[in-house]
Amino acid sequence: MRFHFDAAAAAQKLDLKAALRAAPRGTHIYVCGPSGFIDRVTGTARALGWPAHTVHQEYFGAAPVDTSADAPFEVRIASSGKTCVVPAD
């Protein structure tokens with residue numbers, strides 16, 4: 001398993017080609033994140049000859065939601081009785 005965080009120090013930049021070349025035969029790639037990153041990983045894997053059935057991606061997204069009617073609310077923690085206000089935003 002390899003994690004990549006875009007905001008990491010330059011010394012931690014992902015060398016994608018090297019990582020994919022070093023993976024043992026039969027390894028599966030599972031990638032999620034921004035679509036540009038997913039496209040880069042899947043495109044590089046394709047260019048390096050990875051079989052399509054070993055490259056998996058998941059896009060995260062949601063339809064826009066109208067939040068204009070949102071209001072604050074309270075949550076009570078049953079174990080302590082403490083009440084917390086959750087703001088509308």
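Student: Where is the place of Thr27 in the chain?
Tutor: In this predicted model, Thr27 sits in the loop between H1 and E1.

Student: And what does Thr27 touch, not counting residues up to four places away in sequence?
Tutor: Thr27 touches Trp50 and Thr54 once those sequence neighbours, up to four places away, are set aside.

Student: Is Thr27 buried, partly exposed or exposed?
Tutor: Thr27 is partly exposed, because its relative accessible area is 27%, and the partly exposed class lies between the buried limit of under 20% and the exposed limit of over 50%.

Student: How far is Thr27 from Val41, C-alpha to C-alpha?
Tutor: Their C-alpha atoms are separated by 14 Å, and the two residues are 14 residues apart along the chain.

Student: Let us step back. How many helices and strands does the chain have?
Tutor: The chain has 2 helices and 4 strands. Read from the N terminus, the order of these elements is α-β-α-β-β-β.

Student: Which residues form the largest nonpolar core?
Tutor: That core has 10 residues, namely Leu14, Leu16, Leu20, Ile29, Val31, Ile38, Val41, Ala45, Trp50 and Val55. At least two residues of this core come from each of helix H1 (16–22), strand E1 (29–32) and helix H2 (35–47).

Student: Which element gives the most to this core?
Tutor: Helix H2 does, with 3 residues.

Student: Why would nonpolar side chains be found together like that?
Tutor: In soluble globular proteins, nonpolar side chains tend to be buried together.

Student: Take Leu16, then. Which residues is Leu16 in contact with, leaving aside neighbours within four places?
Tutor: Leu16 is in contact with Arg40, Val41 and Thr44 when those neighbours are left aside. Leu16 and Val41 are both listed in the core.

Student: What about Thr42: buried or exposed?
Tutor: Thr42 counts as buried because its relative accessible area is 10%, and the cut-off for buried is under 20%. Thr42 belongs to helix H2.

Student: Which contacts does Thr42 make, apart from neighbours within four places in sequence?
Tutor: Apart from those neighbours, Thr42 is in contact with Val31, Val55 and Gln57. Val31 and Val55 are among the core residues.

Student: How much of the whole chain is buried?
Tutor: Buried residues account for 16% of the 89 residues.

Student: What is the radius of gyration of the chain, and what would a compact globule have?
Tutor: The chain has 21 Å, while a compact globule of 89 residues would have a radius of gyration near 12 Å. The C-alpha trace spans about 55 × 30 × 25 Å along its principal axes.

Student: On to strand E3. Is Glu74 buried or exposed?
Tutor: Glu74, whose place is in strand E3, is exposed, with a relative accessible area of 59%. Setting aside residues up to four places away in sequence, Glu74 touches Thr83, Cys84 and Val85.

Student: How far apart are Glu74 and Val86 in sequence and in space?
Tutor: They are 12 residues apart in sequence, and 5.9 Å apart in space from C-alpha to C-alpha.

Student: And Arg76: buried or exposed?
Tutor: Arg76 counts as exposed at 57% relative accessibility, and its place is in strand E3.

Student: Where is Ile77?
Tutor: Ile77 is in the loop between strand E3 (73–76) and strand E4 (83–86). Ile77 is partly exposed, with a relative accessible area of 36%. Not counting residues up to four places away in sequence, Ile77 touches Lys82 and Cys84.

Student: What separates Ile77 from Pro51?
Tutor: Their C-alpha atoms are separated by 50 Å, and the residues lie 26 apart along the chain.

Student: Last topic, charges. How many positive and negative side chains are there?
Tutor: The chain has 9 positive and 8 negative side chains, with the centres of the two sets 17 Å apart.

Key
Residues are numbered from 1 along each chain as its sequence is written. This is a predicted model: local features need pLDDT of at least 70, side-chain atom pairs count only at pLDDT 80 or more; totals for chains, interfaces and linings use all residues. Side-chain values use heavy atoms; hydrogens and water are left out. The radius of gyration is taken over C-alpha atoms; the globule rule is 2.2 Å times the number of residues to the power 0.38. Buried means under 20% relative accessible area, exposed over 50%, partly exposed in between (1.4 Å probe, protein chains only). Lys and Arg count as positive and Asp and Glu as negative; His and the chain ends are not counted. The place of a charge is taken as NZ of Lys, CZ of Arg, CG of Asp or CD of Glu. A nonpolar core is a set of buried Ala, Val, Leu, Ile, Met, Phe, Trp, Tyr and Cys residues joined through side-chain atoms within 4.5 Å. Contact means heavy atoms within 4.5 Å.
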